[in-house]
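Biologist: I am new to this one and would like to learn how to read it. Could you walk me through it step by step?

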Amino acid sequence: MKIYVCIKQIPDPNTVVSKLDPSTRRLVRSGVSLVLDPGDESTISAAIKLRDTIGNSELIAVSMGPTSAQEAMRRALAMGVDSAILVTDPALAGSDALSTARVLAAVLKKENAGMIFCSTESTDGYTGMVPGGIAEFLGIPQLTFAREINVEGQRAVIKQVTQTGYRTVESSLPAVITIASGSFEAIYPTMKGIMSARKKPFTQLTLSDLGIEAAQVGEAGAREQVMTIGKVEARAAGQVMKDDGNAASTIADFLQRYQLL
Amino acid sequence: MYHHERHTITMSSTKTSQQALMPPATDLYYIDHLLSEEERMVRDTVRKFVGERVLPIIGDHFEAGTFPRELIPEIAGLGLLGMHLEGYGCAGLSAVCYGLACQELEAGDSGLRSFVSVQGSLAMFPIHKFGSEEQKQRWLPPMARGEAIGCFGLTEPDSGSDPGSMRTTARRDGDSYILNGTKMWITNGGIADIAVVWAKTGDGIRGFLVERGTPGFSSSDVHHKLSLRASVTSELHFEECRIPAANMLPGVRGLRGPLSCLDEARYGIAWGASGAARTCYEVALDYAKTRVQFDRPIASFQLVQEKLAIMATELVKAQLLALQLGRLKDEGLIHPVQISLAKRNNVREALRTAREARSVLGANGITLEYPISRHSNNLESVYTYEGTDDIHTLIIGQAITGQNAFS
Ligand SMILES: Cc1cc2nc3c(=O)[nH]c(=O)nc-3n(C[C@H](O)[C@H](O)[C@H](O)COP(=O)(O)OP(=O)(O)OC[C@H]3O[C@@H](n4cnc5c(N)ncnc54)[C@H](O)[C@@H]3O)c2cc1C
């Protein structure tokens, strides 16, 4: 089976204090160090695990982004992904989640993807809308919050994380599968993996390769608009409580209210 | 190969003669931009591994005086053992990549870097370079997998800086050699499956592969160390120890053998020391910015700033020395004097940085809650092993004056 994993390069969340450009109201991505989204590292690890379990399969990473995203993709290759496809085109600048899903879906359709892995959301934008968009464009099911994934015959079977535990959900293939964060430990690229990454197939596509009009994507095609950006309201001081004998039940009520119990 | 986005950004802002953005305090010279994508990937991977797997446990191991053996499969799984060697299950990465891995390992702990240096540069390297095909096939793949651990026995109780004075002998007897003598201060000795031992023969100094369990070969660990506590240091004893003649390394004779291994390991140390220095500088900087005394962060006092400024300067210098040394090695232009210069400077400055960082942290600096004293204690060994600071001074002196001042 051809398994795909959609990945993204983002400003390094460990070293960069995210900045927003007040005029474009977008995340500043220049002049900062860029990395493969750490969430995607876990997703890639989940996909590698499945590829190796079911055997006779190939894992391909797909990304949309500027040419600098090559570095993040090379990391995916070093981790063990077999080949990479990067869609890069000047017209893509300013793409919203819809455009991103449109472009990725076009690649996946062209490739006849059997199974598509995505992180639930990216660690920079956190919109979480791209995977659903891809499934919609392709007209295939999406299985969400997976913490365990199996293929049984022509079906995908996952354990889906719920508030209290998990439930088993299955669907036909092809399907989009989003990973529950924290369910898969990210594997490290190995030194041999890093050596072999440069020899693995790496394809770059433009919009015309995918038959997408520039007007459908990027700034021009965006249906999402950031209206304002503002500071998070300062958190009010916490509630101080003296134990008059009812502390335990007061705390329990408090936790209950936030569904933490 | 060295192009990438960040480079272009800095270049364009200089061209338009605007004032460029303040570089990060941890990379004041954008040394990051001098690295290729592959090199950064090696560095970032090892850094992540050290942060996630080593730092949480290393303080406890240091305190207990134990080597984190549980990390061996993971270190091997990453491919760090013999990573700069070609074939036989090794990754075959460049010298710069190997250096960056040493830098990141030692940013964690010198003991861990020592383990990897000894395995890759002092045990696997001589087998790779001077071994017979049979020796290579037999030992290198399991050593790369971390299933066989190696050590390197050169130093003796009465023979340190002057290894030519060694007393360990290997006597030919039919199809065997018989080893007698004691090797001292041998990293990994007590956990080694295979010892690369240098001994005097009728035919000059030769290298021998001695397997654990060979009758007449025993080891005992050195205890009560105050440095490199998370590393095994041992004595090796050879008493009428008979090994097959086929265990001799055929490819080298004389002191050149062990010295060429030392050149490999010293190369990694030059990088490693800059990693330890970086950790100490970063911790001190962070601490100085948050520790308030006399109503001000101590970072606002001139005396503290001077310490931090010197640390920052020496760190940049050490990193540039190591990187250029690596480029020379990859181009095949490296000369031992360059290795001595970098080993001497980088370890000396790392030790100074660690001590200054200790003072910036005040009392907190002496605990294992912070990595500083652990690093400064470790660096005392690094200052001495692989050629003491004095010996490297003399190597540089001899190279530039043509005069031998050793004896
Ligand atoms: C933790 C640790 C691990 C080690 N691991 C290994 C290992 O794996 N394998 C191995 O073979 N060895 C190992 N060593 C040994 C190390 O290489 C030696 O300690 C080192 O070479 C110095 O030898 P020495 O201790 O006998 O000191 P000496 O040679 O006795 O030196 C003592 C002092 O005299 C100075 N000195 C000596 N000669 C001169 C001179 N001509 N001019 C000026 N000053 C001079 C030295 O610089 C030093 O300050 C290790 C040491 C340590 C501490």
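Modeller: Gladly! Let us start with residue classes: Ala, Val, Leu, Ile, Met, Phe, Trp, Tyr, Cys and Pro count as nonpolar, Asp, Glu, Lys and Arg as charged, and the others, Gly among them, as polar. Keep in mind that this is a predicted model.

Biologist: Which residues come nearest to the ligand?

Modeller: Of the 21 residues around the ligand, the nearest are Leu154(B), Gly160(B), Ser161(B), Thr388(B) and Asp390(B). Two or more shell residues come from each of strand S3 (150-153), strand S5 (176-187), helix H10 (372-384) and helix H11 (389-401) of chain B.

Biologist: From which domains does the shell draw at least three residues?

Modeller: Those are domain 2 (150-247) and domain 3 (256-401) of chain B.

Biologist: Now for strands. In which sense do S10 and S11 of chain A pair, parallel or antiparallel?

Modeller: Strand S10 (residues 155-161) and strand S11 (residues 166-172) of chain A are antiparallel, with seven bridges between them. A hairpin of four residues links S10(A) to S11(A). To see the pairing, find Lys159(A), which lies opposite Thr168(A) in S11(A).

Biologist: And how many residues are in contact between chain A and chain B?

Modeller: Here 15 residues of chain A contact 19 residues of chain B. On the chain A side, helix H2 (69-79) and helix H5 (191-197) each give two or more residues. By class, that side has six nonpolar, four polar and five charged residues.

Notes
Residues are numbered from 1 along each chain as its sequence is written. Chains are lettered from A and ligands numbered from 1 in the order in which they are written. This is a predicted model: local features need pLDDT of at least 70, side-chain atom pairs count only at pLDDT 80 or more; totals for chains, interfaces and linings use all residues. A residue is near a molecule or strand if its C-beta atom, placed from the backbone, lies within 6 Å of it. Domain bounds come from an automatic or database domain assignment. Two strands pair if DSSP finds at least two bridges between them. Two residues are in contact if their C-beta atoms, placed from the backbone, lie within 7 Å.
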